[in-house]
Structures are given as C-alpha cells and as structure tokens.
Amino acid sequence: MPRFLAVYTMKPEDLARFRALPKSEQDAIDAVGVKQWAEWEKANAAAIIDPGVMVGKTKRVTREGFADAANPFCGYLIVEAGTIEDAARLFANHPHLTVFPGDGIDIMPVLTGPGT
C-alpha cells in the first residue's frame, strides 16, 4: 500500500501567540489537545506506519556553515493509504488544526525507502 509523509506546519507567529498566553491557558489547551491527539492516533492506528516526532528550533547547514533558521515544520508521521486523497482525509479535523495553533498538514507520497 502507498505510504505518505504528513508534515505538521505552524506559522512561527502563531506559535509565538500561543506561547504568549498565560501558562494556565496553554496547559488547558494542551490537556484537551493531547487527549484528542491520542484518540486520533488510536482511531487511525491501522494506517500509521511511523508515529513520527514533534520537532523544535531549526539549524540550517549550508556549504558556508550552519546558522539558526526558521520554517513552519513542527513534526511529522507516516501513514499508509490507498491514495493521497485517502491519506489527506485521515487528517480532517485533526487536533493540530482544531485545538492547537497549527496552520496545516502537508501530505506527500513517500518515493523511496522501506515499503516503497
């Protein structure tokens, strides 16, 4: 079955607004979001091949060296689905979009590696 990489994205300014909330509000959002995220993972366990990770600040490496960088990536996971549309449907109403300040989940086919 085809595999798809799902990349969670969040605008840096949206994350900054979230982090500017009082700690109690952040904790309340986290409590709801983490519970819903776990429920989403359980409901979609059969499709999840790699549960992925969440990521933090970026360091970009170039020929000239390395430096701090910014991008919208905040995590990923890998799912199996019949089509890219089927994969995308798995993420409708995902808590990254409905509870947390995520702005999108980019879905793309995996072209190389195990299972391709």
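Here is a quick briefing on the fold, pocket, salt bridges and surface of this protein.

This is a predicted model, where local features need pLDDT of at least 70, side-chain atom pairs count only at pLDDT 80 or more, and totals for chains, interfaces and linings use all residues. Residues are numbered from 1 along each chain as its sequence is written, and side-chain values use heavy atoms, with hydrogens and water left out. The protein has four helices and six strands, and 28% of its 116 residues count as buried.

**Overall layout**

- Starting at the N terminus, the elements go β-α-α-β-β-β-β-α-α-β; helices (H or I, at least four residues) and strands (E, at least two) are DSSP runs, numbered from the N terminus.
- Along the principal axes, the C-alpha atoms fill a box of roughly 45 × 45 × 20 Å.
- Throughout, buried means under 20% relative accessible area, exposed over 50%, and partly exposed in between (1.4 Å probe, protein chains only).

**The largest pocket**

- The largest pocket has a volume of about 640 Å³, and of the 30 residues lining it, Met10, Leu15, Arg19, Val55 and Cys74 are the closest to its centre.
- A pocket here is an open set of points on a 1 Å grid over the protein atoms alone, where a 1.4 Å probe fits, with protein on both sides within 12 Å along at least five of seven lines; lining residues have an atom within 4 Å of a point.
- Grid points are joined across faces, edges and corners, and the volume is the space filled by probe spheres set on the points.
- Helix 1 (12-20), helix 2 (23-43), strand 2 (48-54) and strand 5 (73-80) each put at least two residues into the lining of the largest pocket.
- That lining has 20 nonpolar, five polar and five charged residues (Ala, Val, Leu, Ile, Met, Phe, Trp, Tyr, Cys and Pro count as nonpolar, Asp, Glu, Lys and Arg as charged, and the others, Gly among them, as polar).

**Salt bridges**

- The count comes to six salt bridges, each being a side-chain nitrogen of Lys or Arg within 4 Å of a carboxyl oxygen of Asp or Glu.
- Glutamate 80 pairs with arginine 3, the closest N and O atoms being 3.4 Å apart. This pair links distant parts of the chain, with glutamate 80 in strand 5 and arginine 3 in strand 1 (residues 3-9), 77 residues apart.
- In helix 1, aspartate 14 and arginine 17 sit three residues apart, about one turn of the helix, and form a salt bridge with closest N and O atoms 2.3 Å apart. Aspartate 14 is buried at 16% relative accessible area, whereas arginine 17 is exposed at 53%.
- In helix 2, aspartate 27 and lysine 23 are four residues apart and meet in a salt bridge of 2.7 Å, N to O.

**Surface and loops**

- Val53, Val55 and Phe73 make a nonpolar surface patch, with about 260 Å² of accessible area together. Valine 53 belongs to strand 2 and counts as partly exposed because its relative accessibility is 44%.
- Patches are made of residues with over 30% relative accessible area and no salt bridge: like charges are joined within 9 Å, nonpolar side chains (Val, Leu, Ile, Met, Phe, Trp, Tyr) within 5 Å.
- Accessible areas come from the Shrake-Rupley method with a 1.4 Å probe; for residues, only the protein chains shown count as cover.
- Asparagine 93 has a positive phi of about 65° although it is not a glycine, and lies in the loop between helix 3 (84-90) and helix 4 (95-98).
- Arginine 63, in the loop between strand 3 (58-62) and strand 4 (65-69), is exposed at 85% relative accessibility.
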